Amino acid sequence: MSEEKRVNLYGRIFIKGHILAKTGLHIGGSPAGLAIGSVDNPVIRDPLTNQPYIPGSSLRGKMRSLWEKAHGRKQNWPIGKGVNIHICEKLDDYNDCPVCPIYGVPGQLDASSPTRLTVRDVFMDEESAKQLRKQAQTDMPYTEVKWEAAIDRVTSAATPRQIERVPAGTKFSDFEMVFSVYEEKDLARFLDVLEAMQLLEDDYLGGSGSRGSGKIVFEGVAISARATRSKDGYGKEIIDCPASGSVSDLLDKKTEILTWLEEKIKIAKD
Ligand SMILES: [Zn+2]
């Protein structure tokens with residue numbers, strides 16, 4: 001990419017709401033931070049409150065991975081431990097790719113415009129936290145410990161192991177995803193984010209999904225936008241989109257949402 005690349009930010013679109021864990025949720029923490037007396041597979045916790053939280057990177061990573069597979073993109077880029085993701089290495093591929101402009105490519109490739117989607121960390125809802133503190137029966141603060149049989153692939157022997165989970169019914173609020181608009185095509189790309197959220201609801205977040213953990217649902221989802229080039233000043237106003245509800249409610253209103261975005265975020269034709 002040449003140095004003459006210009007980047008115009010036309011606006012930002014926000015998706016907010018809360019996340020409900022429909023089944024126990026295990027998003028792994030670092031074993032390096034293990035305290036004595038903790039479980040084998042701990043959840044990640046906010047060091048300030050000791051409450052489990054959902055890292056934005058986990059949400060985003062899972063949405064990306066499901067979106068890549070929904071589009072059959074080549075899994076060409078190793079990210080460690082035998083895990084590959086899809087990354088476009090050529091600018092031509094990138095421009096038409098359904099994945100990379102939204103979810104980004106490594107900085108060193110420099111074949112790209114800025115990543116469209118930012119996903120922030122989501123913390124436990126205060127009401128849920130209060131309830132879990134009251135419940136004396138949680139095994140660990142705010143969590144339960146589930147025993148699972150890990151099957152050795154060679155010997156077929158079953159070894160019990162512990163998985164720490166946030167209990168089903170726990171609410172996390174508010175999640176926030178921010179989608180930046182750099183070109184006209186981005187307005188339609190935004191709808192792809194809603195579809196990836198749907199893919200995630202139908203799949204699972206975190207670990208142990210094939211054993212029933214990690215079913216989540218996005219609730220009370222609201223969309224708003226801030227144009228960075230409005231006549232009334234530099235992005236003073238955040239405007240709420242009339243469409244809101246569940247992800248599937250929003251997907252039913254894709255056309256209306258797109259029309260609304262085109263109206264609120266004007267793309268210069270220069
Ligand atoms: Zn790509």
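The following questions and answers concern a predicted model.

Me: What kind of model is this, and how are its residues numbered?
Reply: This is a predicted model, in which local features need pLDDT of at least 70, side-chain atom pairs count only at pLDDT 80 or more, and totals for chains, interfaces and linings use all residues. Side-chain values use heavy atoms, with hydrogens and water left out, and residues are numbered from 1 along each chain as its sequence is written.

Me: Which atoms coordinate the zinc ion?
Reply: Donors are N, O and S atoms within 2.8 Å of the metal (3.2 Å for Na, K and Ca); water is not among the atoms, so sites may look incomplete. At distances of 2.0 to 2.3 Å, the zinc ion is coordinated by H86 (NE2), C88 (SG), C97 (SG) and C100 (SG).

Me: Why is the arrangement around the zinc ion given the name that it has?
Reply: Four donors count as tetrahedral if all angles lie between 85 and 135 degrees; four count as square planar and six as octahedral if opposite donors are over 155 degrees apart and all others between 65 and 115; anything else is irregular. The angles subtended by the four donor atoms here are 100 to 116 degrees, so the arrangement is tetrahedral.

Me: What spacing do the donors of the zinc ion follow along the chain?
Reply: Helices (H or I, at least four residues) and strands (E, at least two) are DSSP runs, numbered from the N terminus. In these terms, H86 is in the loop between β3 (83-85) and α2 (91-96), and C97 is in the loop between α2 and α3 (100-103), eleven residues apart. Along the chain, the donors follow the spacing H-x1-C-x8-C-x2-C.

Me: Is H86 buried or exposed?
Reply: Buried means under 20% relative accessible area, exposed over 50%, and partly exposed in between (1.4 Å probe, protein chains only). The relative accessible area of H86 is 4%, so H86 is buried.

Me: Which strand pairs with β7 over ten bridges?
Reply: Two strands pair if DSSP finds at least two bridges between them. β4 (residues 117-119) and β7 pair in the antiparallel sense over three bridges, with L117 opposite F179. H18 has S173 in β7 as its bridge partner. The strand that pairs with β7 over ten bridges, also in the antiparallel sense, is β1 (residues 11-21).

Me: Why is strand β7 described as largely enclosed by the rest of the structure?
Reply: β7 covers residues 171-181. The description holds because the buried residues of this strand number eight of the eleven.

Me: Which peptide bond is cis?
Reply: D174 lies in strand β7. With omega near -20 degrees, the cis bond is the one from S173 to D174.

Me: Which element gives the most to the lining of the largest pocket?
Reply: On a 1 Å grid over the protein atoms alone, a pocket is an open set of points with protein on both sides within 12 Å along at least five of seven lines, a cavity is a set where a 1.4 Å probe fits but cannot get out, and lining residues have an atom within 4 Å of a point. The largest pocket holds about 590 Å³ of space, and among its 21 lining residues G61, S65, I79, V83 and I85 are the closest to its centre. Two or more lining residues come from each of α1 (56-70), β2 (77-80) and β3. With nine residues, the element that gives the most is α1.

Me: What is the volume of the largest cavity?
Reply: Grid points are joined across faces, edges and corners, and a volume is the space filled by probe spheres set on the points. The lining consists of L25, I27, V43, I44, P52, Y53, V166 and F172. Ala, Val, Leu, Ile, Met, Phe, Trp, Tyr, Cys and Pro count as nonpolar, Asp, Glu, Lys and Arg as charged, and the others, Gly among them, as polar; the lining has eight nonpolar, no polar and no charged residues. The volume of this cavity is about 40 Å³.

Me: Is K81 buried or exposed?
Reply: K81 is found in the loop between β2 and β3. Although not a glycine, K81 has a positive phi of about 45 degrees. Its relative accessibility is 85%, so K81 counts as exposed.
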